[in-house]
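Subject: Structure handover

Hello,

Here is the structure for you to look at. Please open it first, then read my notes below.

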Amino acid sequence: MFERFTKDARAVVTGAVEHAEGAGAGSVDAEHLLLALLDREGSRASFALAALGLAERGDAVRQALGQARRRAGLSQADTEALAGLGIDVSEIVARVEEAHGAGAMDRGGQGRRPGRRRPFGKGAKETLEKALRIAVARRDRHIGDEHILLALTVRPGVSGEVLADHGVTHESVTRVLYGGGTAKAG
């Protein structure tokens, strides 16, 4: 599959690994792919993100991802579902951090073995597989960073939720990249 990745898509994957390493994460996750996409310039995905106004709000996206890490990777939807059961995730996070320090629930370093490459977690694998399916469905001969972005918008979880909260949906990205709007990525 990776032989079909464009230079930009490969840079996203490499960037995701770097983000995972920088965070001390045990594996590369979908959130790391999103962070790597936010770092990109001059690519189809970066064009789409800029056209949708996310380039100016990148810090807000990073902050939302950081908040999800503090909640042990729970999405806002997960947090709301637990609240419906009477479980206050914010209170739990506060108590755990009070006892064990800030960021104690962050999934970051769990399972990391020194000297070994970081494996791709389930979320990252599913995102890359979905990117392949999107490219095949569009009859594209390559997998670009735009396909990774589209895959993140349709995959349930923190990344898709954060993107949607900032107005980046599958429909809006498709409109910017492939038409139906005034701007079209070249």
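Start with a pair of helices: α2 passes α8 in a left-handed crossing. Left-handed here means that the near helix is turned anticlockwise from the far one by less than a right angle; clockwise would be right-handed. Helix α2 covers residues 30-39 and helix α8 covers residues 145-154. Their axes come within 11 Å and cross at roughly 130 degrees. That makes α2 oblique to α8. For angles, under 35 degrees is roughly parallel, over 145 roughly antiparallel, 65 to 115 roughly perpendicular, and the rest oblique. Axes are lines fitted to C-alpha atoms, for helices over the stretch in contact, with angles running from 0 to 180 degrees between N-to-C directions.

Some ground rules. This is a predicted model, where local features need pLDDT of at least 70, side-chain atom pairs count only at pLDDT 80 or more, and totals for chains, interfaces and linings use all residues. Residues are numbered from 1 along each chain as its sequence is written, and side-chain values use heavy atoms, with hydrogens and water left out.

**Overall picture**

The protein has ten helices and zero strands. Both are DSSP runs numbered from the N terminus: helices are H or I with at least four residues, strands E with at least two. Buried residues make up 40% of the 186 residues. Buried means under 20% relative accessible area, exposed means over 50%, and partly exposed is in between (1.4 Å probe, protein chains only).

**An enclosed helix**

Look at helix α9, residues 158-165. Six of its eight residues are buried, so the rest of the structure largely encloses α9. Among the buried ones are Val 158, Glu 161 and Leu 163. After α9 comes Gly 167, with a positive phi near 80 degrees.

Most residues other than glycine have a negative phi. Arg 139 has a positive one, near 65 degrees. Arg 139 sits in the loop between α7 (122-137) and α8. Arg 139 is exposed, at 76% relative accessible area.

**Salt bridges**

How many salt bridges does a search of the whole structure find? There are six. A salt bridge is a side-chain nitrogen of Lys or Arg within 4 Å of a carboxyl oxygen of Asp or Glu.

Arg 62 pairs with Asp 39, with the closest N and O atoms 3.1 Å apart. This pair links distant parts of the chain: Arg 62 is in helix α4 (residues 58-70), Asp 39 is in helix α2, and they are 23 residues apart. Arg 62 is partly exposed at 30%, and Asp 39 is partly exposed at 42%.

Asp 59 also forms a salt bridge with Arg 62, the closest N and O atoms being 4.0 Å apart. Asp 59 and Arg 62 are three residues apart in α4, so about one helical turn separates them. Asp 59 is exposed, at 62%. Shared partners join Asp 39, Asp 59 and Arg 62 into one network.

Arg 44 forms a salt bridge with Glu 146, at 3.2 Å between the closest N and O atoms. Arg 44 is in helix α3 (residues 44-51) and Glu 146 is in helix α8, 102 residues apart. Glu 146 is buried, with a relative accessible area of 3%.

Best wishes
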